[in-house]
Amino acid sequence: MFLALIRRMRKHSERGGAMVAAVVLLLPFLFPTLFTPFTHALPSLLSEWNAPKPRHSRLLKSALHRQTSDEQLSEMWMPLSNQGWKPCIRSDIITSSLTENSQGYIQVFLDGGLNQQRMGICDAVALAKILNATLIIPYLEVNPVWQDSSTFEDIFDVDHFIEALKDEISIVKEVPDAYFWSTREYYATAIRATRVKTAPVHASANWYLDNVLPVLESYGIAAIAPFSHRLAFDNMPKEIQRLRCKVNFQALVYVPHIRALGDALVSRLRYPSSRVDSANYLKKVGDSKEKRGAGKFVVLHLRFDKDMAAHSACDFGGGKAEKLALAKYRQVIWQGRVLNSQFTDEELRSQGRCPLTPEEIGLLLAALGFDNTTRLYLASHKVYGGEARISALRSLFPLMEDKKSLASSEERAQIKGKASLLAAVDHYVSIHSDIFVSASPGNMHNAVVGHRTYRNTKTIRPNMALLGQLFLNKSLDWAEFEKAVVEGHKSRQGMLRLRKSEQSIYTYPAPDCMCNVS
């Protein structure tokens with residue numbers, strides 16, 4: 001049938017040739033069954049051409065017709081009550097002041113995404129304090145997945161950073177001329193005496209005093225790479241912990257254009273009626289007479305990019321072709337360091353090890369009581385499966401927004417194509433939202449949860465193991481699902497949790513960054 005169509009079209013003019021090419025490109029969409037063998041042979045090319053279908057159609061249908069009571073809505077939007085803790089990192093509490101004689105210069109090279117790098121920066125300041133060294137503004141490595149070459153100065157207000165910490169450590173913006181040779185390229189070409197690459201994960205302060213201080217004393221500079229997650233959270237002096245808190249919550253401020261865009265997005269989410277044709281301006285909104293809940297919004301960190309889907313080794317309903325494509329992606333990106341799971345999909349889900357899909361996070365929010373008038377901000381880089389994967393979530397929450405829908409292309413010009421800057425905007429909006437929820441744990445989740453704990457604002461932590469088991473049970477009706485979700489999340493909506501041994505100070509800021517006032 002389609003071959004005959006092509007033969008007829010080839011008899012036309014040169015313009016018709018372009019039409020033939022278009023038809024050929026559309027053939028997999030027009031006749032998908034004919035191309036099934038090719039999707040198995042070329043999974044990376046064709047596996048994502050087929051739109052993902054809802055995996056929980058029964059629950060989704062019921063959720064679309066759900067009724068949410070005023071009492072439920074009022075309870076969901078209610079701010080957290082005082083939990084007896086407040087921020088406690090004033091400069092007068094950090095007793096040890098800056099010493100005059102520096103032992104030398106500390107360089108750190110930070111890999112990972114934005115939020116992992118934020119934690120590394122905080123640790124670098126703490127290490128400079130431990131060693132009585134001068135910190136060179138950290139070098140941010142290019143992430144192999146996101147391919148963003150943004151520097152510290154592109155993301156953070158470097159002058160504010162130096163000013164905020166001037167009484168604690170000495171900081172310089174660039175490598176001093178005497179050590180001009182100390183670059184990433186220099187350390188990549190050979191073994192160098194000034195590079196420290198053996199720092200264990202969560203190394204103690206004594207390890208650095210024993211292994212890095214001698215390098216500083218001998219050469220005047222020490223470059224530590226890798227450095228992410230290389231400083232312990234336990235058995236640290238109180239002043240070092242408080243300094244880490246000060247860096248995270250006070251010194252690390254985004255550059256002005258990121259803050260301005262973030263503020264604009266927050267305003268447009270709170271006051272949608274104030275949006276005008278020229279997205280660069282906002283009307284001032286006085287007393288709002290809109291329905292209750294107006295002015296409030298939820299940020300959903302939808303961590304469902306191809307990187308996350310592949311890393312989890314879970315099944316997302318795309319069949320054999322999708323499994324092969326993700327397996328190939330794992331091999332290309334991580335070169336054997338992330339292997340195919342030995343567990344079945346059912347085992348992974350029941351253990352809570354699979355990221356929630358957009359459909360599943362939508363069902364969670366619906367079961368918790370959010371209705372279709374909820375304003376939802378989607379904080380996400382790229383969603384695996386594209387808009388088709390998000391369609392179920394959008395049907396549940398039609399007022400869902402993101403950076404593109406809220407800001408003009410001109411406003412987004414400075415962050416376009418730059419994953420770290422895009423993540424910075426999302427992080428900024430997330431910490432200023434009324435409610436934050438992340439579809440799965442990770443560095444973004446951890447960083448935002450820490451800020452929101454510090455500010456005592458509501459965060460919903462999905463019970464991954466419970467949800468995995470619920471979604472595996474295809475016999476559940478909506479009432480049963482809703483009841484199980486509500487019961488399983490009563491204690492997971494912002495209740496302050498004290499940091500335990502080996503846990504991150506950046507995720508659990510109490511008691512290190514906070515004082516008990518109860």
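So, Arg192: this one lies over the face of Tyr186, at 3.9 Å from the ring centre. By a charge over a ring I mean NZ of Lys or CZ of Arg within 6 Å of the ring centre and within 35 degrees of the ring normal. Arg66 does it too, with its charged end over the ring of Phe397, 5.4 Å from the centre.

Quick housekeeping. This is a predicted model, where local features need pLDDT of at least 70 and side-chain atom pairs count only at pLDDT 80 or more, while totals for chains, interfaces and linings use all residues. Residues are numbered from 1 along each chain as its sequence is written, and side-chain values use heavy atoms, with hydrogens and water left out.

Pairing here means rings of Phe, Tyr and Trp (its six-membered ring) with centres within 6.5 Å; planes under 30 degrees apart are stacked, over 60 edge-to-face, the rest tilted. Searching the whole structure gives 18 aromatic pairs.

Let me show you two. Trp77 and Phe370 have ring centres 5.7 Å apart and planes at 80°, so that pair is edge-to-face. What does it tie together? Trp77 lies in helix H6 (residues 70–77) and Phe370 in the loop between helix H18 (358–368) and strand E9 (376–379), so the pair ties together parts 293 residues apart in sequence. Those labels are DSSP runs numbered from the N terminus: helices (H or I) of at least four residues, strands (E) of at least two. Trp77 is buried at 11% relative accessible area, and Phe370 is buried at 1%. Buried is under 20%, exposed over 50%, partly exposed in between, with a 1.4 Å probe and protein chains only.

Next, Phe304 and Tyr384: a tilted pair, 6.4 Å centre to centre, with 45° between the planes. Phe304 is in the loop between strand E8 (298–301) and helix H15 (306–312), Tyr384 in the loop between E9 and helix H19 (386–396), so this pair ties together parts 80 residues apart in sequence. Both count as buried, Phe304 at 0% relative accessibility and Tyr384 at 3%.

Now E8 itself. Which way do its side chains point? Val298 and Leu300 go one way, Val299 and His301 the other, and all are buried. E8 pairs with E9 in the parallel sense over four bridges, pairing meaning that DSSP finds at least two bridges. There, Val298 stands opposite Leu376. E8 also pairs with strand E11 (residues 435–438), parallel over four bridges, with Val299 opposite Phe436.
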